[in-house]
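Student: I'd like to learn how to read helices and strands. Can we go through a structure together?

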Amino acid sequence: MGCTPNASHSPVFLLLGFSKARVSPGLLFFLFLAIYLVTIIGNVTLVLLISRDSRLHSPMYYLLRGLSMIDMGLSTVTLPQLLIHLVSNYPAISAARCLAQFFFFYAFGVTDTLVISIMALDRYMAICNPLHYHSVMNRQLCAFLLALSWVVSIVHTMLHVGLLLPLYWAGDAEGNVKLPHFFCDHRPLLRASCSDIHSNELAIFLEGGFLMLGPCALIVLSYACIGATILRLPSAAGRHRAVSTCGSHLTIVGFLYGTIIWVYFQPPSQDSQEQDMAAAVMYTAITPLANPFVYSLRNKDVKTALHRLLGRGREDS
C-alpha cells in the first residue's frame, strides 16, 4: 500500500474499537468501570496483605506482589482512556500519546509474562528442590529477577517504538486515522500504516517470538520436572498438596499466553480484527482482574491472612 501526499508521521488516531458494538456505550462504560475498580481493589488488597502479613513474606508472595502491581499498571494504561472514549463523540488520541500508551502497555505486558515465567521457576525450586528453596530463591534473587524483567521489557519495547517512528499513516480529509481497536496496539497500528512494515513484522516474529519462546520454554521445562517429581511422591495427600500450589499459576499461564499468541503470532488479516480485539480485552481487562482472585481464592495462606486482617479491623473498631 502506497502513501498519499497527506500521509503523516504524527496523525490523530481515532480509536473506534467499540463504535459498532451491539451493546450501548453506556452499558459498556459501567461494565469496564466495574472491571477496572474491582481490578484495582483486588490487586491493592493482595499487595497490602503480602506487605503486612509476615507469614506471606516468602519468595512466591514477593513475586505475586510484583505481579499485582504490574497488573494494576497494565489496566491503568488502557481502561481509563477507554472509559473516556466511551462517553465521548470524538475518541481521538494524538500520535505522541498513542506511542506513549504503546510503550507503557508493552513495558507492563512483557514484564507480566516474564514475571509469570519466574514464578514457574519458583514453583520448580519449591517442589523439586525444597531443601535448597529458601537459600536459592531468596529475596535478593527475586528482586534481581524482577529488575531484570523490567530491563528486558523496556529494551524490547523501545525497539518496537523505534520501528514505529519512521512509519507514515494516511488519514482522511481531516488528517484522522481510524483504528478498529480501543487502544494503540501493535497490529492495528501496522495495519493502518501505508509504509512498508516488513521490518516490524520481522521483529515481531523473530525478536518478539524469541522473547515469548524463552519464558514459555522455562515454564514447560519447570512443569515437566514438577510433574515428574509429583508422580514420584509416595502419598496421595502429598501429590494433591503439590498440585494445589501450581493450579493457580497454570490457570493464569494458559489464559495469558493463549491470548497473546492468538493476537501477535498469527498472519495479519482484516478478518481477524474482531477476534484480536476480543483477545485484547481478555489480557488487558480480564487477566488483571482474575489474577488476585485466582491466587487468593485457591490459596489457603492468602485467605487466612485476609481473615486475620478483617478480624484485626473489627477489633480496632
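Tutor: Here is a short tour of a sheet and a helix pair. This is a predicted model, where local features need pLDDT of at least 70, side-chain atom pairs count only at pLDDT 80 or more, and totals for chains, interfaces and linings use all residues. Residues are numbered from 1 along each chain as its sequence is written, and side-chain values use heavy atoms, with hydrogens and water left out.

Student: In what order do the 3 strands of the open sheet come?

Tutor: Strands of a sheet pair through backbone hydrogen bonds, either parallel or antiparallel. Here the order is β2-β1-β3, with mixed pairing. Strands are DSSP runs of E, at least two residues, and helices are runs of H or I, at least four, numbered from the N terminus; two strands pair if DSSP finds at least two bridges between them. β2 (92-94) and β3 (176-179) are at the edges with a single partner strand each, so one side of each has no neighbour in the sheet.

Student: How many bridges join β1 to β2?

Tutor: There are 3, and the two strands run antiparallel. Leu 14, for one, has Ala 92 in β2 as its bridge partner.

Student: And how do α2 and α5 cross?

Tutor: Axes are lines fitted to C-alpha atoms, for helices over the stretch in contact, and angles run from 0 to 180 degrees between N-to-C directions. The axes of α2 (residues 59-86) and α5 (residues 139-164) come within 9 Å and cross at roughly 25 degrees. That makes α2 roughly parallel to α5 (angles under 35 degrees count as such).

Methods. Parallel < 35°, antiparallel > 145°, perpendicular 65-115°, else oblique.
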